[in-house]
Amino acid sequence: MTDPAGLGAILVVCALTLAAGTYGLRISRATSDFYVAGRTVNPWRNASAIGGEYLSAASFLGVAGVVYAQGIDMLWLRIGYAIGCVVLMVLVAAPLRRSGAYTLADFAELRLESRRIRIACSLLVVAIGWLYLIPQFQGAGIALHTVTGWPGWIGAVLVAVVTTIAVSAGGMRSITLVQAMQYWLKLTAISIPAFILLAVWRSTPGAPPPDPTLWVRPATTAAHGLYATGSTLLALSLGTMGLPHVLVRFYTNPDGRDARRTTVIVVGLLGAFYVFPPVYAMVARAYQPGLAPGLSDTIVLTTPDLVLHDPLRTVAAALLAGGAFAAFLSTASGLLMSIAGVVDQDLVRSILPRLAGGDLPPRLGLRVSALGAAVVPLIVSMLLPRAGLATIVGLAFAVAASTFTPLLALGVWWPRLTTIGAGAGLAVGACSAGAAVLMTILGGNPDGWLGSLLAQPAAWSSPLAFAVAVLVSLATPATIPPHVNRTLARLHTPESLLD
Amino acid sequence: MSPEQGPTGAAPHRVRVTSSRRRATRHTRRTMAADVSEQTELGEVYVAGLMRAQLRLSLSILLVGVLVLGSLTIALELWPAARALHIGPVPFPWVVLGVLVYPALFGLARYYVRASESLESAFIDVVNKS
């Protein structure tokens, strides 16, 4: 069962990640290096890093899996990830960079001038980050199991350990390097086997024809398919800007203009990647139309076995296994870095010295936080039943779209947003989307419309959070933050005028 | 120069001492650039204009995106023949949703960056000239 080439590729990717992490240790000197890579990362490298971070287990394995299982409607899913980047760019990229804040919590405090909102945002960063980490760990388990037959927890622990070490060792600059590298690794790993598969499939006489039902008739397999697709698309389009690990990357641009230019490159890089996952679904569907739904997340890894013979099969399988691990590692390290950042800033740094009774080395807080931030979702990922990688990632986007997105979009553009209004929007969005996520993950959803609404909450929870934030703000004009005009001017003034 | 100043060598006249208003105002006259850069209240008003222009641009970009993607979906839904079309061996919806959407999004993103930067540079020009 063990495929030595695949296992070798996984170990090489882990080793490269660790090596880049320790290299970063030597070049990251100042605190700002550690958190935001000294803000001197050029657009191409930064875009590669964002792409590397953004293309997670859901993109590498999950997209092909859902397209295989549910057909052409699911192509929208991977379009949604790219739309999300465009929405992020036109609404918040440059202003957020110009705000000069390190994290989402910093931005919230700067804009709304409230310590409570800051704490609420920190908690939400942790919650969304954990929700997003779970499928990364589960995906690692699935991938390692497919390649070696080992039990699922080994893969999850491997990813958790490697990312915790990489984050504690080098901080943001090493993460930038690791993630930029991993984008290109992932693109290579998904594209070359796809070309090989297509070439062999089309050139083999007597090969099975494409499955016509998958591609022509949009699938109506899921209950309320149109609602589910639309709601997921909305979650991805709006939620991207509210993801803690994607946003922190924009602080590493030198200025607002570069933040925008970076995002354009990201859109291009994502497009280049997302052309390939459906190829696997198409080939797998032709060769093996009746795979059980629970196994569809593995089709990217198993398709080479169906179509190819050695040595091509070994090469393709090794590339795919390595690429999948690059996906888990890059996303997990970005998430871990953001979670550890806020936990360190808002919690550990005030508590730890008191416990130890004295000064501590400056990075100890971040390291302790990284460890804590990895252990909790690791345990949860083992206890939870598997719900499909793309599904859980979609839920993380839905929570972000219902909480941080209203806060950011209104915060950047609407002067009349009040502290109470923003807080009410956050609370309503977090509770409604959070409750839907818990019901869905724990498997308590009823049948019928209510179940569909809970399974894909973004279509109602995000507008609800926007509406609550706006209406409560209009009702409480007294709590408009005192420096709102100055803050907004800072967010929108081109840097060259401020020298 | 000023009429109060007596001619040199003459007996001292009564001299009315006034502040030179013109000079005083010249010294504290502020440029628009200074207002913006020092983030005074007036500067904030200038930036608010730029902000409205940027918001209009952003919303129209989003509107274009929604219209294009929405009409595509509706077309595929209402016009079954489009779903059955093939370009080579590949069905038409797959070509559009699978590949063509990305260059379109990339083009939209690039257009936005250009338009947004030209709004900013126009603003910078106005501010620096005044």
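**View 1. The kinked helix α5 of chain B.** In this predicted model, helix α5 of chain B has a kink of about 45° at B:L100, shortly before the proline B:P103; the bend at a residue is the angle between axes fitted to the seven residues ending there and the seven starting there. Helices (H or I, at least four residues) and strands (E, at least two) are DSSP runs, numbered from the N terminus. The 38 residues of this helix, residues 92-129, should span 56 Å at 1.5 Å a residue, and its end C-alpha atoms are 53 Å apart, which agrees; the expected span is 1.5 Å times one less than the number of residues.

Residues are numbered from 1 along each chain as its sequence is written, while chains are lettered from A and ligands numbered from 1 in the order in which they are written. Because the model is predicted, local features need pLDDT of at least 70 and side-chain atom pairs count only at pLDDT 80 or more, whereas totals for chains, interfaces and linings use all residues.

**View 2. Chain B as a whole.** Chain B has five helices and two strands, which follow the pattern α-α-α-α-β-β-α along the sequence. Of its 130 residues, 21% count as buried; a residue is buried if 20 or more other C-beta atoms, placed from the backbone, lie within 10 Å of its own.

**View 3. Where chain A touches chain B.** The contact takes 36 residues from chain A and 37 residues from chain B, two residues being in contact if their C-beta atoms, placed from the backbone, lie within 7 Å. On the side of chain A, the elements that give two or more residues are α5 (75-99), α12 (256-274) and α22 (484-492), and the largest share, ten residues, comes from α5 of chain A.

**View 4. The surroundings of A:L269.** A:L269 is found in helix α12 of chain A, and this residue is buried because 24 other C-beta atoms lie within 10 Å. Leaving aside neighbours within four places in sequence, A:L269 is in contact with A:A47, A:S48, A:G51 and A:Y183. The C-alpha atoms of A:L269 and A:G51, which are 218 residues apart along the chain, are separated by 6.6 Å.

**View 5. A:F325 in the largest nonpolar core.** Of the 194 residues in this core, A:A82, A:V86, A:A321 and A:F325 touch the most other members; a nonpolar core is a set of buried Ala, Val, Leu, Ile, Met, Phe, Trp, Tyr and Cys residues joined through C-beta atoms within 7 Å. Beyond its neighbours within four places in sequence, A:F325 is in contact with A:I10, A:V13, A:C14, A:A140 and A:A143.

Definitions and conventions. Buried ≥ 20, exposed ≤ 12 C-beta atoms within 10 Å, placed from the backbone.
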